[in-house]
Amino acid sequence: MKILLLVSDLYKNIGGGQTVYKKIIEDTPGCEFYYFIENEKLDAQRPANAHPVKKIISKKYCTSRELIPAYLIENLNQVLPYAESVAGMLFDVVDIPDYCSFGYGMREIFEMYGVKVGRFVLAMHGNISDSIRLNWQSQPYLEAREAEFQQFSNVDGLYAISERYIAEWKGRKDRDVEYISPTPIVKESQREKNIAKNDQKRPDLYCIGRMERRKGNDIFIELSRWIDPDLYDKSYHVGDADFDNAGVSSTDRLYSVSVNRGLDLNFVGPVGWDELEKIFASRAMLVLPVRYDTLNLQVLEALFNGCPVAVSNKAGVCDYLDKEFPEIPYVKIDFDNIYASVADIENILRNYDEYCEKLTSIVNGLPLFTESFNMHQIYSKMLSKLAVDPQAMGIKLKRTLYLKAGAISSLKESLPDPVFELLKRTYCFFKTPLREHVKRSFIAPLAFKVHAILDYRSRVQRLRDIFNMRESGRCEISNKLNSLYDLGESSHFLRKDIWQAIGRLERIQENDEFYATYLIRTMRSMGTAAELPEVLRAVERCGMPHTAKALDAMYGDPEKTAERVYQYLKSAEKRNMHKPALECALEVDERSSESPKVSIIVSLYNAADKIPVFMTALLQQTLVKKGEVEFIFEDSNSPADEYAAIQKTCDNQVDYYYERSQGRETIQCAWNRGIAKARAPYLVFLGVDEVLYPDALEKLADFLDKNTETDWVMSDSLVTEVTPEGVLERDVMPYARSRTKDVDKDHVYLETCYLSWVGGMYRKSMHKKCGYYDETFRGAGDTEFKNRILSKINVAFFPETLGLFLNYPEERTTASPMAELEDLRAWYIYRSLGGVRYAFEDRPIEDAIALFYKCLGYRKSYCGHISTDFDYAYALSEYISQKNNDPQWKEWNRDICEIKEILKSFDSFSQNEAAIVTQHKIAKKYARLKMFERKHYKLLNGERDLHYAATNDNRYEQHSWMWRS
């Protein structure tokens, strides 16, 4: 029997599909197997019944008389080199792996080349569409999925080694699929050798497999951070790298993931069976938190060789083990709550030798390799069945020259693999549109400026066209608004005109929040009180009287602004110094310890479904395990049943206090309630979408123990995007606070995220001297609290990533116009002259001077570039000039005033002058900015990185995006 395998370089490449095919060839000597080679050497070691066929480069392409989607025709073109390479030959079976998707049209193409085939058979290893769907970059996969469905429907026979995968496909189309037990495919070794693992070395953690995202390599890194580092030595990724369309390697991506978590990860390339056997025989544990896997042969190979394994329940091998070998122990990672597996993995690592002896003893007592592997019988069975009669596709072949393909083939043959891979990555890089690379390059700011200047004319014309649009009905107003929103998102000029136009239309529609938000933006940008009485009334109608008072203080009387702002802030401070006790609807106290070290205050609203993941993660805390932590749950009259979830996850495990309010309350009110009930000297505040790495509480509390002058200690933290179940999807950004070389508490005035709660801890006693949270806020109360107390506290930064944000796919209250309006009295008011006086009146003037210099060039905690803050620099320079008669400050003040006017002019160019005149003015103003940059760099003796580029100023980086009503 002659079998053609549609695979290339079978004895060079490594993977699950290759492993199956090699086993089929070795255990079926009655069949002659043919496969294709591209880079594999002709004299490579292979069985006698394995015959290589040189794959040629076809000079033809497919067309069809029938109406067939273009992507199906493109897939068929991939068949041509295979068919042309075996033209005129005869095969009983053509075996196609289903990670290819061109099997549906092979019949006609093979007939065109005179290849006679008995049956076309599909080997079900795993679809490429699943890899595309779950890959690092979001890419369309539906076309591949449809091609796979057509292939599944049109082949003559099917076989698979995963019952779960068979059931998955039968749910789409009911066809007979031959099941092959995977046990005989796994290589047998001398397992008794693996008992001798007793030495002093701690076990290593391994994630083995191609570094596709579906294999869960990033989740492996996340788990490595949660596992006690004292229990393992190193963690390794073993397997091929994967490349996205932009040429970015999965190795680079995973390295970034590990750096974000402070881990030192080791990357190993693909290895053969001999190297894998050495890993399994060493002090190793396999951890495979896969997002999706049809089976996973490595799990069986590891277990059958006495190597402990933790694998996600998303892998089909779990069904196989539970059904066929329930005696074999392994850790099944619950993919919907990966943190629950940490304790089980740690128990294995803690008792590694004992566990391995038990595992090896069980495996050696099982008759694993008694099953026969008769592929000849399966092929014969498929040959005895009727062939599928698919609809004719009307395929024709035409000749073409594949110069690119020929060049690539020649390069593959002539260059070493590493060199070829480097060239491929370089080609992919330059294949991506140049614009995308410019955005990421060092010339991006310059390129953006040139583009913005040249684009100014079209922006002016577009704005004029929008202004001429009709407003006779809600539909027309909506269209006009959307046009303004689109223009506002793409333009850094004319913002005043755009915002005012949006505000006017939102006022017509009686959208007070949006109207007030955009009009207040124009006030901040231009320093004028446009339509202040109407805006004040709109803010009042939004139920924000305190924000209205702050707005009136900032813009109501320009001659007395500084004093009015100062008095407003002092009044807010006095109002929040004390908080009365509040009644509650339900109170449950399950605390046994009178003197915990840390109180974790958790605010709850519609959070019941997230509590299991949240508590599973927090129970990993080393201080929780020592019994030194209490949980304070504050339920703001949530419609969900949080208390039932808390009882299920907390009872008999931790001390906790639960309180339910009589009505809906703000998060600041919930926090104040928690502070009143907390017994510990140190406080931590979390929502159920925020967790801490296991050593966080102990490290932060130990820091406060040793540094009695510090009130608030803040670590780095990481924002991640997660699934609805809380499973890592991707890293969004790190808050790398400690990586700023001169970081101190005053960075908070420039970028509020330098001080936060996730990854932070402070002393409860701080509230006695500084006051409590302002309960009148709905979204920005945390920002206001930081700015109000900052001058009175000492802050230290801890140089590790300890906090983790879990961004579930849902809307957030803080991402809204309401939160921006509240930021007026939470942040912007502190950036005025009166706010600077409030912050620095009891501090040395040198502190204000140091912060002024930071305004000229600083790094936001979540960014890598240099930002500026000339509005705040102006307020600081005004304050310093009043306190300091040094002529130098008069000059600094003049420079900052001019820079501020330049930035203001970018928002308010005249639309009446010729575009070429305005473009010339823009260019001159940019040149003037650069002149100031050079001058200030010299004045500061080159001690600060400066980059005056307008669009990197806080005017553009804060609240310049579009809220769409």
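**Exercise 1.** Work out how helix H23 (residues 532-541) and helix H24 (residues 545-555) pack.

*Solution.* Start with the axes, which are lines fitted to C-alpha atoms over the stretch in contact: they sit 8 Å apart, at an angle of about 160°. Angles run from 0 to 180 degrees between N-to-C directions, and over 145 counts as roughly antiparallel, so H23 is roughly antiparallel to H24. Next, look for contacts (heavy atoms within 4.5 Å): Leu532, Val535 and Leu536 are among the H23 residues that meet H24 residues including Ala548, Leu551 and Tyr555.

This is a predicted model, where local features need pLDDT of at least 70 and side-chain atom pairs count only at pLDDT 80 or more, while totals for chains, interfaces and linings use all residues. Residues are numbered from 1 along each chain as its sequence is written, and side-chain values use heavy atoms, with hydrogens and water left out.

**Exercise 2.** Find where the buried residues of H28 point and what they pack against.

*Solution.* First list the buried ones (under 20% relative accessible area, 1.4 Å probe, protein chains only): Glu642, Tyr643, Ala645, Ile646, Thr649 and Cys650. They cover an arc of only 160° around the axis, so they lie on the same side of H28. Their packing partners include helix H26 (611-618) and strand E18 (629-635).

Definitions and conventions
Buried means under 20% relative accessible area, exposed over 50%, partly exposed in between (1.4 Å probe, protein chains only). Helices (H or I, at least four residues) and strands (E, at least two) are DSSP runs, numbered from the N terminus. The arc is that of the directions from the helix axis to the C-beta atoms. Angles under 35 degrees count as roughly parallel, over 145 as roughly antiparallel, 65 to 115 as roughly perpendicular and the rest as oblique.
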